[in-house]
Amino acid sequence: MSVIKKSLKKIDWLRNAYSQSRQFYWKVLYAAFPALISKHLYRKRMGKALNLKNPRDFNEKLQWMKLYWRNPLVVRCADKYESREYVKSCGCANILNPLIGVYSKVSEIDWERLPDKFAIKCTHGCCYNVICDDKTKLDKNHTLTQLHRWTNTTYGLDSAEIHYFRITPRIICERYIETDSGLLPVDYKMYCFNGKPALTLVCTDRSTKLKLHFMDLNWQRMDIGAESYGDTDVPKRPACFDAMIKYSEILSRPFPFVRIDYYDFQGEPIFGEMTFTPAACMAKYYNEAGLKQLGDMMQLPGRA
């Protein structure tokens, strides 16, 4: 091994050791002062104090839930692999996207056996995704670097999403989902309160300029979104919307709040993931009236 390669290997080792030490330090702080750190991050990002004694709006109630309702089922269902097992246990296996593989380490992925199109996700966080529509054009070295970094990162350290700390990092590979035009599919994010679906956040134009549409169960627009994310067009109601509502009623039963994400693939609902802390409980894509309206929908449980 050349001197340069040895030096680069040593630098990588030192960088990883520093990263792991930093993550351990922050985990200890979160374990000791979760509410204090959450208040600090909330003030820094939202520009106002976090009211945990008498939470009113949606963000505040989600913060309270994150800190004081420690149901282990939240950890299981936030895990992108374990949530699949939860969906199966609820008798809803038919809405799962076919699984190509699950891997404990990046080195376990057999790239030659993967199909031409696929979606890779790390199971312990958000936005840890590789969407490949042509394997021959995939920058494998860049992808490997990303996956190594993601699997060695404790998701949630920068946002106080402490339930992610308890998820074992893994990698799953699923079937690639696309529309007839070859674009990324529309996201349908169903907000459920105490086992009852209430509304859907529809995310369109993800590959260009993201647009957010809040729709009620009658597919009428709800004026609860921030103007900067809005759009005047009403998105098309998916043919499987009633089925999304039905499955959401089943999957959301144990939770005071959960957002369940779906895709519409050839007229059938496909399960995406379950989210308990959307936008780290510091979302700015609602207007003030919307935050209050969503907060009023949410009834806080006793501390678990």
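This is a predicted model: local features need pLDDT of at least 70, side-chain atom pairs count only at pLDDT 80 or more; totals for chains, interfaces and linings use all residues.
In which kind of crossing, left-handed or right-handed, does H2 pass H3? The crossing of H2 past H3 is right-handed.

## Packing of helices H2 and H3

Two packed helices are described by the angle between their axes and the distance between the axes. For helix H2 (residues 34-46) and helix H3 (residues 58-68), the packing angle is about 155° and the axes lie 11 Å apart. Because angles over 145 degrees count as roughly antiparallel, H2 and H3 are therefore described as roughly antiparallel to each other.

## Residues at the helix contact

On the H2 side, the contact is made by Pro34, Ala35, Ser38, Tyr42 and Met46. H3 contributes Asn59, Glu60, Gln63, Lys66, Leu67 and Tyr68. Sorted by class, the contact of H2 with H3 comprises 6 nonpolar, 3 polar and 2 charged residues.

Strands of a sheet pair through backbone hydrogen bonds, either parallel or antiparallel. In this model, 4 strands form an open sheet with antiparallel pairing, and their order is E1-E4-E2-E3. Strand E1 (99-103) and strand E3 (129-132) are the edge strands, each pairing on one side only. From one strand to the next, the twist averages 10°.

## The pairing of E2 with E3

Strand E2 (residues 118-122) pairs with E3 in the antiparallel sense, over 4 bridges. At the level of individual residues, Ile120 has Val130 in E3 as its bridge partner.

Notes:
Residues are numbered from 1 along each chain as its sequence is written. Side-chain values use heavy atoms; hydrogens and water are left out. Axes are lines fitted to C-alpha atoms, for helices over the stretch in contact, and angles run from 0 to 180 degrees between N-to-C directions. Helices (H or I, at least four residues) and strands (E, at least two) are DSSP runs, numbered from the N terminus. Angles under 35 degrees count as roughly parallel, over 145 as roughly antiparallel, 65 to 115 as roughly perpendicular and the rest as oblique. A crossing is left-handed if the near helix is turned anticlockwise from the far one by less than a right angle, and right-handed if clockwise. Contact means heavy atoms within 4.5 Å. Ala, Val, Leu, Ile, Met, Phe, Trp, Tyr, Cys and Pro count as nonpolar, Asp, Glu, Lys and Arg as charged, and the others, Gly among them, as polar. Two strands pair if DSSP finds at least two bridges between them.
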